[in-house]
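This briefing covers a model with protein chains and DNA. Please have the structure open while reading.

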There are 2 protein chains.
Amino acid sequence: MGRSTTARRPVALVQEECCPAVLSSPLSEERAGTLARDFAVLADPVRLRLLSLLVSAPAGEACVCELVEPLDRSQPTVSHHLKILVDAGLIVGEKRGRWVWYRPVPDRLARLREALD
Amino acid sequence: MGRSTTARRPVALVQEECCPAVLSSPLSEERAGTLARDFAVLADPVRLRLLSLLVSAPAGEACVCELVEPLDRSQPTVSHHLKILVDAGLIVGEKRGRWVWYRPVPDRLARLREALD
DNA sequence: TCCATAGATAGACTGTCGTCGATGCGTACG
DNA sequence: CGTACGCATCGACGACAGTCTATCTATGGA
């Protein structure tokens, strides 16, 4: 236990508005929404494995045809997840000939990591 | 551009099984699922602000009654999110008298941060 | 010019999530 | 004891996300 059970009945916590804040300081409603959307992009096993495959790809990039089989998902599904990652700025795609080559954007992931304090 | 448009047509990427791996090395299907579930917990603005409020709370902890108002959600909704955070090991709750005091678990967040390379 | 291939898009279906009001349970206070 | 309060649980509902098949677009080779 430790302290008295009938102790302080505190007042509401203050919530300051802050610059591009980390998780430690009070989060604005807007920043919380942005962060939540970013984490939602990472909250899918297929997308995490996509990132992992791209990071560890031979030339730091891979085309869709290489990704479909190891992920065990249909090609449209893989394209769908790639688009989500692109929209989030976590990867970029470049069309060369018949293939589109995707590669990760390291800075973007680093900034997300920093958000966790 | 850069390279020829008709260049290599690569074979499937290998996917090694690895120990508690970071995002840089190929992610096992199982580890990807675990990580995705962890990030899903952070993929909600209410839960992020809950964490933020707890971290910056006066004594490093707060009761539910303090959290309902700043979050602008009903009390059952706040309890719901608190339970999700507890189940994920990100916070712990301790009942003292009529109130339940929640506080963050810093190590847990730190380990999640490390997962981002 | 025609056809095969790489990838994106559209539409539908299904399961899950966030939210609420209503209710149940335990604790303190009079 | 009974009553008010803090919080958890339940059940329902609407919204959204992941997946698929089918189809479309664009590129390259014959």
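This is a predicted model: local features need pLDDT of at least 70, side-chain atom pairs count only at pLDDT 80 or more; totals for chains, interfaces and linings use all residues.

Residues are numbered from 1 along each chain as its sequence is written, while chains are lettered from A and ligands numbered from 1 in the order in which they are written.

**Chain A and chain B**

- Contact joins 42 residues of chain A to 42 residues of chain B, where contact requires C-beta atoms, placed from the backbone, to lie within 7 Å.
- On the side of chain A that touches chain B, at least two residues each come from α1 (29-42), α2 (45-55), α3 (64-71) and α5 (106-114) of chain A; helices (H or I, at least four residues) and strands (E, at least two) are DSSP runs, numbered from the N terminus.
- With eight residues, α1(A) gives the most to that side.
- By class, the side of chain A that touches chain B holds 25 nonpolar, nine polar and eight charged residues. Nonpolar means Ala, Val, Leu, Ile, Met, Phe, Trp, Tyr, Cys and Pro, charged means Asp, Glu, Lys and Arg, and the others, Gly among them, are polar.

**Surface near DNA strand C**

- DNA strand C is surrounded by 24 residues, the closest being A:Cys63, A:Cys65, A:Pro76, A:Ser79 and B:Pro76; a residue is near if its C-beta atom, placed from the backbone, lies within 6 Å of the strand.
- The largest share of this surface, six residues, comes from α4(A).
- The residues near DNA strand C divide into nine nonpolar, ten polar and five charged.

**Sheet in chain A**

- Three strands form an open sheet in the order β1-β3-β2 (chain A), with antiparallel pairing; strands pair if DSSP finds at least two bridges between them.
- The edge strands β1 (62-63) and β2 (91-96) of chain A each pair on one side only.
- Six bridges join β2(A) to β3(A), and A:Val92 stands opposite A:Arg103 in β3(A).

How values were computed: Two residues are in contact if their C-beta atoms, placed from the backbone, lie within 7 Å.
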